[in-house]
Amino acid sequence: MKLVFWLLVAVVLFYGAYSGMMAVWSYFQINDIVEQAVRERPGLAPDERIRQVREEIVKGAARSGLALDGRAIDVQSAGGGLTVKVRWTYPVIVYNNETVLAIPLSVDRGFSRQ
């Protein structure tokens, strides 16, 4: 009985560490996608640049296997530059296609005029 308990504890700890590492990986992925999307869009009209940056973030996240809702992405013009805020969750426990436990994550970056 003790062996089963300790094996269960080991599995829970391993899964917790794995979920934490995957959440950190998704954070770095989104951060890189945001930076690349902004860097590839200099010299456009502000409204067009905002639209294209938002679209590129959604496409880049989908290519990386991360599902982002367009409503979770906020791109605004600020002082000639851009501010980008992306909010999402990394699901830890999913039961019957419903997320029971998730880790909330966000990227909040400011970019100066390029």
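Residues are numbered from 1 along each chain as its sequence is written, and side-chain values use heavy atoms, with hydrogens and water left out. Because the model is predicted, local features need pLDDT of at least 70 and side-chain atom pairs count only at pLDDT 80 or more, whereas totals for chains, interfaces and linings use all residues.

A search of the whole structure finds three aromatic pairs (rings of Phe, Tyr and Trp, the last by its six-membered ring, with centres within 6.5 Å; planes under 30 degrees apart are stacked, over 60 edge-to-face and the rest tilted). One of them joins Phe5 and Trp6, whose ring centres are 5.1 Å apart and whose planes stand at 75 degrees, so the pair is edge-to-face. Phe5 is partly exposed at 47% relative accessibility, and Trp6 is exposed at 55% (buried is under 20% relative accessible area, exposed over 50%, partly exposed in between, with a 1.4 Å probe and protein chains only). Tyr15 and Tyr18 form a tilted pair, with 6.4 Å from centre to centre and 35 degrees between the planes; Tyr15 is partly exposed at 40%, as is Tyr18 at 38%.

Tyr15 and Tyr18 lie three residues apart in helix 1 (residues 2-39), where helices are DSSP runs of H or I of at least four residues, numbered from the N terminus. In the contact of helix 1 with helix 2 (heavy atoms within 4.5 Å), Ile30, Ile33, Val34, Ala37 and Val38 of helix 1 meet Arg49, Val53, Glu56, Ile57, Gly60 and Ala61 of helix 2.

Conventions
Helix = DSSP H or I, 4+ residues; strand = E, 2+ residues; numbered from the N terminus.
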